[in-house]
Amino acid sequence: MTDSKGPAPKPFDMAAAMARYQADRDDYETRASAILPANKTALFDALAASGITQVTVSFDGYGDSGQIEDISAMGAGGHMALPETEISIATTSWGNAEITEHRMAVREAVEQLAYDCLAQTHSGWENNDGAYGEFTFDVAAQVIALEHNERFTAIETYAHEF
């Protein structure tokens, strides 16, 4: 058995850890909120130029895995294909203060904004019983609406003695 003569480890400070987490969360949310307006403008301008009036994105996830299930676009004449053009979208990530610009196809930009909005509002949506839902991108209003449905397992236990 070896005898360690180094300093004793410091006890874990839960309050300090929570304060660090909240500060990191606040930083991420500030960056994500700051880049969203320009990202929406770039995407909605590209969609409008193609005659698209609405994009619907469905997602589903559980068991620590989740994905976009479907993306469909509508115009005045009905269903339309998303344009093949590329646009510039800014991204940020948790724990990294850098904001980076990426050129991507409109379809990828729709997915990126959907995942970004999920991360901002329902981080961990794919964990455990998960969640599913739908985004509606209203091009004329330049609004992204989210309908989010969380799943959970409920157990009711009854015990009786007679």
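Modeller: Helices and strands are DSSP runs, numbered from the N terminus, a helix being H or I over at least four residues and a strand being E over at least two. The model is a predicted one, in which local features need pLDDT of at least 70 and side-chain atom pairs count only at pLDDT 80 or more, while totals for chains, interfaces and linings use all residues. Residues are numbered from 1 along each chain as its sequence is written, and side-chain values use heavy atoms, with hydrogens and water left out.

I begin with the aromatic rings. A pair of aromatic rings is described by the distance of the centres and the angle of the planes. Rings of Phe, Tyr and Trp (for Trp, the six-membered ring) pair if their centres lie within 6.5 Å; planes under 30 degrees apart count as stacked, over 60 as edge-to-face, and the rest as tilted. The structure holds six aromatic pairs. In one of them, tyrosine 28 and tryptophan 94 have ring centres 5.9 Å apart and planes at 50 degrees, so the pair is tilted. This pair links distant parts of the chain, since tyrosine 28 belongs to helix α1 (residues 14-49) and tryptophan 94 to the loop between β4 and β5, 66 residues away. Tyrosine 28 is buried, with a relative accessible area of 7%, whereas tryptophan 94, at 38%, counts as partly exposed; buried means under 20% relative accessible area, exposed over 50%, and partly exposed in between (1.4 Å probe, protein chains only).

Phenylalanine 135 and phenylalanine 137 form another pair, with centres 6.3 Å apart and planes at 55 degrees, so this pair is tilted. Both of these phenylalanines are buried. They also belong to one aromatic cluster, which is formed by Phe44, Phe59, Trp125, Phe135 and Phe137.

Not counting residues up to four places away in sequence, threonine 56 touches Asp70, Ile71, Ser72, Glu134 and Phe135, where contact means heavy atoms within 4.5 Å. Threonine 56 is buried at a relative accessible area of 15%. Its side chain makes a polar contact of 3.4 Å with the side chain of glutamine 54. A polar contact is a pair of N or O atoms within 3.5 Å; within protein, one must be able to donate a hydrogen and the other to accept it, and residues adjacent in sequence count only if both atoms are side-chain atoms.

I turn next to the charged pairs. Side chains of opposite charge can pair when their charged atoms come close. A salt bridge is a side-chain nitrogen of Lys or Arg within 4 Å of a carboxyl oxygen of Asp or Glu, and the structure holds three.

Arginine 25 forms a salt bridge with glutamate 29, with the closest N and O atoms 2.8 Å apart. Being four residues apart in helix α1, arginine 25 and glutamate 29 are separated by about one helical turn. Arginine 25 counts as buried at 12% relative accessibility, and glutamate 29 as partly exposed at 28%.

Aspartate 60 and arginine 151 meet through their side chains in a salt bridge of 2.6 Å, N to O. Here again distant parts of the chain are linked: aspartate 60 is in strand β1 and arginine 151 in the segment after β7 (143-150), 91 residues apart. Arginine 151 is partly exposed, at 30% relative accessibility.

Glutamate 86 and arginine 103 also form a salt bridge, their closest N and O atoms being 4.0 Å apart. Glutamate 86 lies in strand β4 and arginine 103 in strand β5, so this pair ties together parts that are 17 residues apart in sequence. Glutamate 86 is partly exposed, with a relative accessible area of 46%, while arginine 103 counts as exposed at 54%.

Together with Phe12, Met14, Met18 and Tyr21, Trp94 makes a nonpolar surface patch of about 590 Å². Patches are made of residues with over 30% relative accessible area and no salt bridge; like charges are joined within 9 Å, and nonpolar side chains (Val, Leu, Ile, Met, Phe, Trp, Tyr) within 5 Å. Accessible areas come from the Shrake-Rupley method with a 1.4 Å probe, and for residues only the protein chains shown count as cover.
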